[in-house]
Amino acid sequence: MAASGSTAPRRLVQYVVVRSDLVHTLSWPLGAVITQACHAATAAIHLNYDDPDTQEYLAELDSMHKVVLQAPDQASLSSLSETLKEKGVAHKLWIEQPENVPTCLALKPYPKDSVHPLLRKFKLFK
């Protein structure tokens, strides 16, 4: 039990950012878009499996926290990926094959406060 006055436990979050134009403009089936998000989230976990935050996130299997955000188009998704690379934020940009189309990206699990500022301009996926 935590001592009184101690800080709250860290909130680890896996952010997933999906292109909303796939559904709303390009008329992809919703199931296909959800599949893209699943691919990216799984790949980000796999690529960062030995990371301490990833291990802590997976240890709390029944209370994992994901946030799915929307990017308006391919350009904004690619720009976000470049920004994340520049900041050293581990993520996986999912590129659907054989079409070679970037569809979404997922970050490895991070403490929410450490990456939320980089994602602030993206709204929840609708």
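**Reading a predicted fold, term by term**

Trainee: E56 counts as partly exposed, at 37% relative accessibility. Which cut-offs define buried, exposed and partly exposed?

Mentor: Buried means under 20% relative accessible area, exposed means over 50%, and partly exposed is in between, with a 1.4 Å probe and protein chains only. Before going on, note that this is a predicted model, in which local features need pLDDT of at least 70, side-chain atom pairs count only at pLDDT 80 or more, and totals for chains, interfaces and linings use all residues. Residues are numbered from 1 along each chain as its sequence is written, and side-chain values use heavy atoms, with hydrogens and water left out.

Trainee: Where is E56 found, and which residues does E56 touch?

Mentor: A contact means heavy atoms within 4.5 Å. Helices (H or I, at least four residues) and strands (E, at least two) are DSSP runs, numbered from the N terminus. E56 is part of helix α3, residues 52-59. Not counting residues up to four places away in sequence, E56 touches R10 and L12.

Trainee: What share of the residues counts as buried, and what share of the contacts joins residues 24 or more positions apart?

Mentor: Of the 126 residues, 39% count as buried. Among contacts with a separation of 6 or more, 73% come from residues 24 or more positions apart.

Trainee: How is strand pairing read, and which strands does β2 pair with?

Mentor: Two strands pair if DSSP finds at least two bridges between them. Strand β2 (residues 66-71) runs parallel to β1 (residues 12-19), with 6 bridges, and V16 stands opposite V68 there. β2 also pairs with β6 (residues 123-124), in the antiparallel sense over 2 bridges. In that pairing, K123 in β6 is the bridge partner of Q70.

Trainee: Which residues does S76 contact, and is S76 buried or exposed?

Mentor: S76, in helix α4 (residues 74-87), counts as buried at 15% relative accessibility. Its contacts, leaving aside neighbours within four places in sequence, are A71 and F122.

Trainee: How many bridges join β3 to β4, and where is the cis peptide bond?

Mentor: Strands β3 (residues 91-96) and β4 (residues 101-107) run antiparallel and are joined by 6 bridges. W94 stands opposite C104 in β4. The bond from Q97 to P98 is cis, with omega near 10 degrees, and P98 is placed in the loop between β3 and β4. This hairpin has 4 residues between the strands, and N100 takes a positive phi near 60 degrees. N100 is not a glycine, and N100 is exposed, with a relative accessible area of 52%.

Trainee: Where does S27, with its positive phi, lie?

Mentor: S27 lies in the loop between α1 (21-24) and α2 (30-47). Its phi is about 60 degrees although S27 is not a glycine, and S27 is exposed, with a relative accessible area of 58%.
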